[in-house]
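Subject: Structure for your review

Dear colleague,

Please find below the structure that I am handing over to you.

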Amino acid sequence: PIITYEDLQPEIHRIANGDRSAILSAHPISEFLTSSGTSAGERKLMPTIKEELDRRRLLYSLLMPVMNLYVPGLERGKGLYFLFVKSETRTPGGLLARPVLTSYYKSDHFKTRPYDPYNVYTSPNEAILCPDSFQSMYAQMLCGLLQRQQVLRVGAVFASGLLRAIRFLQLNWPQLTQDIETGALNPKLTDPSLREYMDKILKPNPELAECVRHECSKDNWEGIIARIWQNTKYLDVIVTGAMAQYIPTLDYYSGGLPLACTMYASSECYFGLNLNPMCKPSQVSYTIMPNMAYFEFLPHEPDSFGFPRDSPPKLVDLVDVEVGKEYELVITTYAGLYRYRVGDILRVTGFHNSAPQFHFVRRKNVLLSIDSDKTDEAELQKAVENASRLLREFNTSVVEYTSYADTRTIPGHYVIYWELLGKDSANSPPDEVLKQCCLAMEESLNSVYQQGRVADNSIGPLEIRVVKNGTFEELMDYAISRGASINQYKVPRCVNFTPIMELLDSRVVSSHFSPASPHWTPERRR
């Protein structure tokens with residue numbers, strides 16, 4: 001049968017509590033991989049086996065040969081990648097539980113990897129493996145600045161991680177340039193192996209310090225990545241799915257450098273890679289590698305609400321998917337997930353030879369609902385994009401957002417939190433424009449929502465609450481303090497956890513409501 005995580009939980013608890021019998025796999029479970037803390041609200045424990053590391057390494061080994069077809073010469077420089085480990089825990093039965101990237105970075109596959117001129121990082125293992133996120137980020141940024149002429153690509157796992165690194169540079173460039181100028185390392189870096197490594201490479205370089213200081217001290221940070229790392233050819237970050245909303249901000253800080261999305265993976269399984277990594281983010285398609293797992297596809301009908309229990313769905317094999325159709329991904333893995341629903345919705349875009357290629361559409365989950373309305377992540381993303389166009393004439397963009405369904409009012413209404421980036425503080429968008437943004441969002445939402453607003457009066461006017469700059473960074477810090485992985489953290493597009501909502505509400509600088517009802521007629525009723 002097709003299963004979800006909840007179906008597996010009893011078996012996973014048995015393994016976590018020490019049962020070593022062949023419950024899910026004939027291979028012994030080597031550890032648990034914890035899924036992203038913001039996926040469906042809880043950290044799931046995904047079983048894995050030792051040989052999975054070989055499969056992950058195989059996929060990683062294909063990324064640069066593909067990239068080399070589009071961007072030659074990468075073997076002549078280095079990559080500035082901001083990579084981090086998360087502290088790990090053990091289950092009652094003694095198995096490690098940690099994020100998939102922490103597992104990979106701490107493995108010998110990564111730590112003792114052979115020299116490869118196409119995969120040389122500016123960040124040393126000592127920095128990547130440092131468990132203190134401040135010390136790790138500081139050392140990685142410092143190494144990136146020291147080797148700035150050799151940097152040909154800049155990246156992180158998610159787009160949000162790279163923007164966090166830029167924000168870190170904004171806050172810490174005075175100390176970083178002082179370290180470069182004097183050749184003496186910031187005393188806040190106390191990790192012994194990290195200090196030992198940095199002491200070897202850090203030498204006084206007043207000329208470099210002045211160059212970095214000259215760029216960072218300017219009020220305008222537009223194009224800062226290209227200004228400091230002038231030889232950068234592209235940014236290597238995931239900007240598909242919910243990460244798409246970071247594209248304008250990345251373009252701002254990079255001066256419009258190409259964005260490369262290279263691979264498609266999750267805690268459950270690594271899926272495939274993008275064979276045209278320099279394409280536009282909206283055109284990214286991933287080719288699934290059939291040796292990673294056994295892949296099946298559940299036809300997804302956007303307007304359906306599941307299937308009757310007496311008629312199980314017909315799964316489609318990888319070779320039988322049809323171009324243009326959407327499917328929910330179902331996997332059977334070597335580690336013992338059988339016909340497991342990952343929760344990703346994919347659209348078939350074409351074929352590479354006989355291998356189907358997929359565009360990641362969204363996670364299968366409803367974000368917002370007040371009444372019978374159901375707003376998903378893709379709809380909310382589109383509504384934010386449409387509304388934010390009204391901010392362009394004020395040189396302002398939405399850098400971050402989340403939402404919640406406020407049912408304390410009668411009727412309930414959608415609340416959208418926006419953090420804005422304005423290039424001109426003297427020309428910030430007035431209240432009337434932000435009200436029109438509320439209405440533009442409502443015009444973008446589905447007809448069920450609009451019927452509730454217009455005909456049924458079951459939904460109140462949408463509200464935008466503008467929060468102070470840095471609020472979403474505080475939100476991330478809070479999530480990390482509660483055990484989220486810095487590599488896998490994604491801003492939740494919907495919040496309902498009281499402490500998070502209190503944090504957001506304490507940072508609100510202005511509130512704006514939709515001034516009118518959206519356009520709706522019965523003919524559009526679904």
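This is a predicted model: local features need pLDDT of at least 70, side-chain atom pairs count only at pLDDT 80 or more; totals for chains, interfaces and linings use all residues.

**Domains and their interface**

The domain assignment divides the chain into domain 1, covering 25–234 + 245–256, and domain 2, covering 366–513. Between their C-alpha centres the separation is 30 Å. On the side of domain 1, 26 residues are in contact with domain 2, where 21 residues take part.

How much area is buried between domain 1 and domain 2? The value is about 2,100 Å², and carbon and sulfur atoms give 52% of it. The interface also includes charged pairs: the rule finds four salt bridges across it. Arg 167 and Glu 473 form a salt bridge through their side chains, with an N to O distance of 3.2 Å.

Four elements each supply at least two residues of the side of domain 1 that touches domain 2, namely α3 (100–105), β6 (151–158), α7 (159–182) and α11 (247–254). Of these, α7 gives the most, with four residues. Sorted by class, this side of domain 1 has 13 nonpolar, eight polar and five charged residues.

**Tyr 404 and His 413**

Two residues are described here in some detail. Tyr 404 belongs to strand β19 (residues 396–406), and His 413 belongs to strand β20 (residues 413–422).

Is Tyr 404 buried or exposed? Tyr 404 counts as buried because its relative accessibility is 4%, the cut-off for that class being under 20%. His 413 is likewise buried, since its relative accessible area is 4%.

The side chain of Tyr 404 makes a polar contact of 3.2 Å with that of Asp 406. If neighbours within four places in sequence are set aside, the contacts of Tyr 404 include His 413, Tyr 414, Val 415 and Tyr 417, along with Arg 465, Cys 494 and Met 501. Lys 468, for its part, is 64 residues from Tyr 404 in sequence and 18 Å from it in space, C-alpha to C-alpha.

Which side chain is joined to that of His 413 by a polar contact of 2.8 Å? The partner is Glu 463. Not counting residues up to four places away in sequence, His 413 also touches other residues, among them Ile 370, Tyr 404, Ala 405, Asp 406, Ile 459, Pro 461 and Phe 513.

**Salt bridges**

Side chains of opposite charge can pair when their charged atoms come close.

- Glu 181 and Arg 213 form a salt bridge in which the closest N and O atoms are 3.2 Å apart. Glu 181 lies in helix α7 and Arg 213 in helix α9 (residues 206–216), so this pair ties together parts that are 32 residues apart in sequence. Glu 181 counts as partly exposed at 34% relative accessibility, and Arg 213 counts as partly exposed at 22%.

- Glu 296 and Arg 339 meet through their side chains in a salt bridge of 2.7 Å, N to O. This pair links distant parts of the chain, 43 residues apart: Glu 296 is in strand β12 (residues 294–299), and Arg 339 is in the loop between β14 (326–332) and β15 (340–352). Glu 296 counts as buried at 6% relative accessibility, whereas Arg 339 is partly exposed at 34%.

- Lys 435 and Asp 431 form a salt bridge with an N to O distance of 3.3 Å. About one helical turn separates Lys 435 and Asp 431, because they are four residues apart in helix α13 (residues 431–444). Lys 435 counts as partly exposed at 26% relative accessibility, and Asp 431 is partly exposed at 35%.

Finally, salt bridges that share partners join Glu 31, Glu 88, Arg 98 and Lys 106 into one network.

With kind regards

Note on methods:
Residues are numbered from 1 along each chain as its sequence is written. Side-chain values use heavy atoms; hydrogens and water are left out. Domain bounds come from an automatic or database domain assignment. Contact means heavy atoms within 4.5 Å. Buried area is the accessible area (1.4 Å probe) that two parts lose on being put together, summed over both. Ala, Val, Leu, Ile, Met, Phe, Trp, Tyr, Cys and Pro count as nonpolar, Asp, Glu, Lys and Arg as charged, and the others, Gly among them, as polar. Buried means under 20% relative accessible area, exposed over 50%, partly exposed in between (1.4 Å probe, protein chains only). A polar contact is a pair of N or O atoms within 3.5 Å; within protein, one must be able to donate a hydrogen and the other to accept it, and residues adjacent in sequence count only if both atoms are side-chain atoms.
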